[in-house]
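Hi,

Here's the structure I said I'd pass on. Have a look at it first, and my notes on what turned up follow below.

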Amino acid sequence: MELWYTENQTENVNFSMKVKKHLYSSQSPFQKIDILDTYEFGRVLVIDNWTMVTEKDEFIYHEMITHVAMATNENVKNILVIGAGDGGTVRELTRYKNIENIDMVEIDQEVVNASKKFLPFTANKLDDKRVNLYFEDGIKFIEGKENLYDLIIIDSTDPIGPGEGLFTTEFYKNCYRALTGNGILINQCESPYYPNNAREMKRSFNKLKELFNVCEAYQYHMPTYPSGHWMFCFASKNLHPIKDFNKENWIKLGLETKYYNTDIHTGAFMLPTYVKENLNKK
């Protein structure tokens with residue numbers, strides 16, 4: 001008998017993976033967590049029946065959510081990561097020797113515990129001495145903080161359930177206040193393709209654009225996410241991801257990557273016409 005995991009990406013589109021074994025299942029106080037071992041994508045983290053991480057393609061997401069900002073501001077030392085319970089974002093950040101502190105705030109400790117046990121390919125740097133883990137609500141954590149972080153990465157699920165509050169104007173305002181003068185915010189910004197995702201992408205982008213002097217959307221190709229075409233938002237008080245990008249300095253670091261490179265850095269901001277039109281539409 002064959003076992004398949006099927007994700008309903010829209011009412012009319014399903015995405016399926018053939019499963020070797022169902023490794024883990026838990027209902028935390030916040031969400032349902034499953035970890036599967038699949039034939040094509042290796043180990044897969046599923047939250048509330050949505051694919052979060054796969055062993056085969058996670059490097060794309062985690063490299064693009066981290067290296068674009070780090071290559072724009074080479075003086076980042078203090079970082080806040082909200083969400084990211086699988087550990088992949090922290091893994092990429094710890095590769096930079098100039099980083100002194102990473103505060104990671106994850107509302108659901110069970111995601112971190114499961115990732116440490118079953119997803120060592122992403123969770124293997126959560127015990128780095130520069131990483132401080134806080135198991136609490138990131139929305140509350142950021143309140144009252146001012147001029148503290150050089151980089152804030154919002155590595156959230158979709159704007160439903162525990163992730164919903166991470167897409168509000170009030171939350172973005174608190175992030176703005178918590179950033180230093182050259183601070184950068186990177187936000188998981190949904191997809192431009194299917195209507196439901198595109199609506200959330202536009203809402204998130206517009207809220208950030210009203211607050212920050214610099215706000216640019218950039219794209220990446222994620223095979224296991226709905227449509228495969230996904231976005232991050234780069235927002236900053238001062239720095240621009242292209243104008244202030246010094247590719248020679250990043251190349252000198254000697255970091256080996258599988259998806260990100262200095263050409264991708266620039267090219268990711270060159271958006272298709274339909275995406276530009278959606279983002280600029282009133």
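**Aromatic cluster**

Ring pairs join Y61, Y218, Y220, Y225, W230, F232, F234 and F269 into a cluster. For pairing I took rings of Phe, Tyr and Trp (its six-membered ring) with centres within 6.5 Å; planes under 30 degrees apart are stacked, over 60 edge-to-face, and the rest tilted. By that rule the count is 15 aromatic pairs.

Before going on, the ground rules: this is a predicted model, where local features need pLDDT of at least 70 and side-chain atom pairs count only at pLDDT 80 or more, while totals for chains, interfaces and linings use all residues. Residues are numbered from 1 along each chain as its sequence is written, and side-chain values use heavy atoms, with hydrogens and water left out.

Back to the rings. Y218 and F269 are both buried, buried being under 20% relative accessible area, exposed over 50% and partly exposed in between (1.4 Å probe, protein chains only). Their ring centres are 4.9 Å apart with the planes at 40°, so this pair is tilted. Y218 is in strand β11 and F269 in the loop between α9 (262-267) and α10, so the pair links distant parts of the chain, 51 residues apart. Helices (H or I, at least four residues) and strands (E, at least two) are DSSP runs, numbered from the N terminus.

F269 also pairs with F234, edge-to-face this time, at 6.5 Å centre to centre and 80° between the planes. Since F234 lies in strand β12, this pair ties together parts that are 35 residues apart in sequence. Both F234 and F269 are buried.

**Cores**

A nonpolar core here is a set of buried Ala, Val, Leu, Ile, Met, Phe, Trp, Tyr and Cys residues joined through side-chain atoms within 4.5 Å. The largest one has 42 residues, and I79, L93, L151, I186, Y218 and Y220 touch the most other members. Elements giving two or more residues to this core include α1 (58-72), β6 (78-83), β9 (149-155) and β11 (214-221). The largest share, nine residues, comes from α1. Apart from this core lies another, of 28 residues, with Y149, I152, C189 and A235 among them.

Which residues does Y218 touch, not counting those up to four places away in sequence? They are M64, I65, V68, I186, W230, M231, F232, C233, F234, A268, F269 and L271, where contact means heavy atoms within 4.5 Å.

T89, in helix α2, is buried at 0% relative accessibility. Leaving aside neighbours within four places in sequence, T89 contacts H62, I65, T66, V81, A84, I153 and D155.

A search of the whole structure gives zero disulfides (pairs of cysteine sulfur atoms within 2.5 Å). For C215, the nearest cysteine sulfur is that of C233, 5.3 Å away. C215 counts as buried at 8% relative accessibility, and C233 does too at 0%.

Helix α7 (residues 195-211) has 17 residues and should span 24 Å at 1.5 Å a residue; its end C-alpha atoms are 25 Å apart, which agrees. The expected span is 1.5 Å times one less than the number of residues. Its buried residues are N197, A198, E200, M201, K202, S204, F205, K207 and L208, and what covers them includes α6 (169-178), β10, β11, β12 and α10 (273-280).

Lastly, the charged end of K145 sits over the ring of F141, 4.1 Å from its centre, and K56 lies over the face of F41 at 5.8 Å. The rule there is NZ of Lys or CZ of Arg within 6 Å of the ring centre and within 35 degrees of the ring normal.

Cheers
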